[in-house]
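Please work through each task before reading its solution.

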Amino acid sequence: FAKADVHADEVYMTVANEAMRQQLHGFSPHQLAIMVWAFATAGIRSDLFYKAVADEAMRRQLRGFKPQNLSNMVWAFAKADVHADEVYMTVANEAMRQQLHGFSPHQLAIMVWAFATAGIRSDLFYKAVADEAMRRQLRGFKPQNLSNMVWAFAKADVH
């Protein structure tokens with residue numbers, strides 16, 4: 001529904017209610033991330049659902065979340081204007097714990113875009129992403145990645 005631009009609010013809300021009824025325990029990290037991505041992409045507001053996903057991610061301490069899951073989740077929260085500072089900071093810490101290895105240029109750019117959009121201050125995270133981009137000599141960074149990254153740095157007042 002998200003990609004097809006189908007406005008099926010009732011379907012989304014039914015899915016959200018069922019997922020919350022199941023307490024999200026049976027959902028994989030990928031499924032949690034892709035669901036909030038779909039809701040945000042479709043412009044569906046469900047504060048209870050976003051909070052339930054954030055709470056579940058924190059309950060799991062992000063165990064099993066891969067770089068794509070982490071970047072999708074923070075992008076979705078930023079796009080939907082979800083206030084989940086604990087999630088952002090935990091994602092930043094987890095990404096830095098992994099030394100940003102395994103994160104694609106797109107994922108790095110999307111994450112700093114999400115942090116800046118959400119107004120999240122994490123100088124260590126911004127510096128880690130900038131250092132990783134420079135370590136890679138910007139290889140693999142497409143124009144959109146570069147522009148998202150510098151926009152995020154400017155918005156977050158990173159120098």
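**Exercise 1. Classify Tyr 50 by its accessibility, and then describe its ring pairs.**

Step 1. Tyr 50 has a relative accessibility of 0% and therefore counts as buried, where buried means under 20% relative accessible area, exposed over 50% and partly exposed in between, with a 1.4 Å probe and protein chains only. The model is a predicted one, in which local features need pLDDT of at least 70 and side-chain atom pairs count only at pLDDT 80 or more, while totals for chains, interfaces and linings use all residues. Residues are numbered from 1 along each chain as its sequence is written, and side-chain values use heavy atoms, with hydrogens and water left out.

Step 2. Rings of Phe, Tyr and Trp (its six-membered ring) pair if their centres lie within 6.5 Å; planes under 30 degrees apart are stacked, over 60 edge-to-face and the rest tilted. This rule gives 10 aromatic pairs. In one of them, the ring centres of Phe 39 and Tyr 50 are 6.5 Å apart with planes at 80°, so the pair is edge-to-face.

Step 3. Because Phe 39 belongs to helix α2 (residues 29–42) and Tyr 50 to helix α3 (residues 47–59), this pair ties together parts that are 11 residues apart in sequence. Helices here are DSSP runs (H or I, at least four residues), numbered from the N terminus. Phe 39 is buried at 2% relative accessibility.

Step 4. Phe 49 and Tyr 50 have ring centres 6.4 Å apart and planes at 55°, so this pair is tilted. Phe 49 is buried too, with a relative accessible area of 0%. Tyr 12, Phe 39, Phe 49, Tyr 50 and Phe 77 form one aromatic cluster.

**Exercise 2. Determine which residues of α8 are buried and where they pack.**

Step 1. Helix α8 (residues 143–155) has 13 residues and spans 18 Å from first to last C-alpha, close to the 18 Å expected, which is 1.5 Å times one less than the number of residues.

Step 2. The buried residues of α8 are Asn 145, Asn 148, Met 149, Ala 152 and Phe 153. They cover an arc of only 130° around the axis, which puts them on the same side of α8; the arc is that of the directions from the helix axis to the C-beta atoms.

Step 3. On the other side of α8, Pro 143, Gln 144, Val 150, Ala 154 and Lys 155 are exposed.

Step 4. The buried residues of α8 pack against α6 (105–118) and α7 (123–135), contact meaning heavy atoms within 4.5 Å.

Conventions
Helices (H or I, at least four residues) and strands (E, at least two) are DSSP runs, numbered from the N terminus.
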